Amino acid sequence: GECYKRCPAVTAGPAFLVYYSPAFLRHCCACNLNEAQAALWTLAEVYRAARVLWPARNEPEWQEHEVVVHIDELKDCFSTDLVDAYANGECWLVVRVSNHTAVVVRQPLEQVLAGTVRHCQLCVPPSSCEVLRLWPAAMAAPARASAHPKGKQLLQSLIRKHSETLIANCQ
């Protein structure tokens with residue numbers, strides 16, 4: 001419940017703690033300004049995706065709720081590593097693994113489109129995943145990427161379309 005003069009009181013939750021974000025920033029900032037900017041963009045994307053998976057809620061039980069997002073797989077990456085995933089038919093996802101925890105994982109795009117995302121040998125429903133927009137055009141022009149979410153919508157509709165297959169495969 002901290003409040004600041006320059007910021008309106010926020011009563012919605014949950015709050016997010018991105019685990020390993022300081023290590024990720026130190027790693028990227030030690031390289032050059034472009035890597036530092038890419039690291040900040042990446043963290044902003046992680047927070048955006050987490051908010052999609054946990055929308056802000058005003059109920060009292062959510063006001064004091066926190067979610068830990070683990071970015072272990074990202075912490076030693078540079079922007080070229082992030083972009084290479086998309087060039088190689090993979091993508092980065094935030095995956096909700098419990099009411100209080102999420103992880104960032106790299107997954108083959110085919111599996112994501114088929115609705116067969118796995119984490120620790122468990123099937124993850126498409127509604128518990130959010131794609132991180134870390135491809136070159138999104139990182140180069142953030143305003144344009146957020147103004148035209150058609151690619152994201154298409155991907156999400158394909159994932160939803162295959163969710164029944166996912167549920168059937170996991171049972």
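These legends cover several close-up views of a predicted model. Residues are numbered from 1 along each chain as its sequence is written, and side-chain values use heavy atoms, with hydrogens and water left out. Because the model is predicted, local features need pLDDT of at least 70 and side-chain atom pairs count only at pLDDT 80 or more, while totals for chains, interfaces and linings use all residues.

**View 1. Confidence along the chain.** pLDDT is the predictor's confidence in each residue, from 0 to 100. The protein has a mean pLDDT of 80, and 75% of its residues reach 70 or more. Over residues 142-148, pLDDT stays under 50. The model has 5 contacts beyond four places in sequence for residues 142-148 (contact: heavy atoms within 4.5 Å). Residues 158-171 also stay under 50. For residues 158-171, the model has 17 such contacts.

**View 2. The buried face of helix 1.** Helices (H or I, at least four residues) and strands (E, at least two) are DSSP runs, numbered from the N terminus. Helix 1 spans residues 21-29, and Ser21, Phe24 and Cys28 are buried in it. Buried means under 20% relative accessible area, exposed over 50%, and partly exposed in between (1.4 Å probe, protein chains only). The buried residues of helix 1 fall within an arc of 60° seen down its axis, so they line one face of the helix. The arc is that of the directions from the helix axis to the C-beta atoms. An α-helix has 3.6 residues a turn, so residues three or four places apart point the same way. Strand 1 (15-19) and helix 2 (33-53) are among the elements that cover this buried set.

**View 3. Thr42 in helix 2.** Thr42 sits in helix 2. Its relative accessible area is 0%, so it is buried. Beyond its neighbours within four places in sequence, Thr42 contacts Phe24, Leu74, Leu82, Leu134 and Met139.

View 4. The peptide bond between Gly13 and Pro14 is cis, with omega about 10°. Pro14 lies in the segment before strand 1. Tyr20 is in the loop between strand 1 and helix 1. Tyr20 is not a glycine, yet its phi is positive, about 80°.

View 5. The structure holds 3 aromatic pairs. Rings of Phe, Tyr and Trp (its six-membered ring) pair if their centres lie within 6.5 Å; planes under 30 degrees apart count as stacked, over 60 as edge-to-face and the rest as tilted. Tyr19 and Tyr20 pair edge-to-face, 4.9 Å centre to centre with 80° between the planes. Tyr86 and Trp135 also pair edge-to-face, at 5.5 Å and 80°. Tyr86 lies in helix 4 (residues 79-87) and Trp135 in the loop between strand 7 (129-131) and helix 6 (136-140), so this pair ties together parts 49 residues apart in sequence. Tyr86 is buried at 19%, whereas Trp135 is partly exposed at 29%. Lys75 lies over the face of Tyr20, 4.1 Å from the ring centre (rule: NZ of Lys or CZ of Arg within 6 Å of the ring centre and within 35 degrees of the ring normal). Tyr20 is partly exposed, at 30% relative accessibility.

View 6. A disulfide is a pair of cysteine sulfur atoms within 2.5 Å. The count comes to 0 disulfides. For Cys28, the nearest cysteine sulfur is that of Cys29, 6.9 Å away. Cys28 is buried, with a relative accessible area of 2%. The sulfur of Cys129 is 8.9 Å from its closest cysteine sulfur, in Cys91, too far for a bond. Cys129 is buried, at 11% relative accessibility.
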